[in-house]
Amino acid sequence: MDYEYNAQNKVSKIAYTTGIFEKYTYNSQGSILTYEASGYVSISQNSITNYVYDSSGVKIEEITVRGNGNKYKFVYTNNNGLPIESKNYTWNTTTNLWVESTGSRLTYIYNSNNQVTIK
């Protein structure tokens, strides 16, 4: 594997000997903005994920588009900067709307060290 780093010394690219690449971009606070996976034989494994943060820098959404065009979104409800719930959505190409996936809600519970104990 080969690694490349940006000016902030964060990993910007990982190249695998198999021809697979992972690329990362970051915002000025050092949080990841995009993740791209490419070079997979199966086009559905290639993807781009965009991360959305609120004004205090807490992640509130991540949206993934697969190489086959399928779209997925996770929406996070946060408390004190920690996700307490996430919901998974898929893009409905007929209605052009996000539809919450059945059974997609996860609830996160933390211990006193802010480590997830139940999800």
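Leaving aside its neighbours within four places in sequence, with which residues is tryptophan 91 in contact? The structure above is a predicted model, in which local features need pLDDT of at least 70 and side-chain atom pairs count only at pLDDT 80 or more, while totals for chains, interfaces and linings use all residues. Residues are numbered from 1 along each chain as its sequence is written, and side-chain values use heavy atoms, with hydrogens and water left out.

Tryptophan 91 is in contact (heavy atoms within 4.5 Å) with Lys71, Asn96, Leu97 and Trp98, once its neighbours within four places in sequence are set aside. Tryptophan 91 belongs to strand 8. Because its relative accessibility is 25%, tryptophan 91 counts as partly exposed; in this scheme, buried means under 20% relative accessible area, exposed over 50%, and partly exposed in between, with a 1.4 Å probe and protein chains only.

The overall architecture may be considered next. The protein has zero helices and twelve strands. Here helices (H or I, at least four residues) and strands (E, at least two) are DSSP runs, numbered from the N terminus. The C-alpha trace spans about 40 × 40 × 25 Å along its principal axes. Of the 119 residues, 23% are buried. Among contacts between residues at least 6 apart in sequence, 7% join residues at least 24 apart. The protein exposes about 7900 Å², of which carbon and sulfur atoms supply 49%; accessible areas come from the Shrake-Rupley method with a 1.4 Å probe, and for residues only the protein chains shown count as cover.

Asparagine 96, one of the contacts of tryptophan 91, is located in the loop between strand 8 (82-92) and strand 9 (97-100). Its phi is near 55 degrees, a positive value in a residue other than glycine. Asparagine 96 is partly exposed because its relative accessible area is 47%. A positive phi, near 60 degrees, also occurs at asparagine 114, in the loop between strand 11 (109-110) and strand 12 (116-118).

Another loop, between strand 4 (32-38) and strand 5 (47-53), holds isoleucine 43. With a relative accessibility of 53%, isoleucine 43 counts as exposed. Apart from its neighbours within four places in sequence, isoleucine 43 is in contact with Gly67 and Asn68.

Charged side chains provide a further view. A search of the whole structure finds three salt bridges, a salt bridge being a side-chain nitrogen of Lys or Arg within 4 Å of a carboxyl oxygen of Asp or Glu. In one of them, glutamate 62 pairs with lysine 59, and the closest N and O atoms are 3.0 Å apart. Glutamate 62 counts as buried because its relative accessibility is 14%, whereas lysine 59, with a relative accessible area of 28%, is partly exposed.

Arginine 105 forms a salt bridge with glutamate 85, where the closest N and O atoms are 4.0 Å apart. This pair links distant parts of the chain: arginine 105 lies in the loop between strand 9 and strand 10 (106-107), and glutamate 85 lies in strand 8, 20 residues apart. Arginine 105 also meets glutamate 100 in a salt bridge, at 2.8 Å from N to O.
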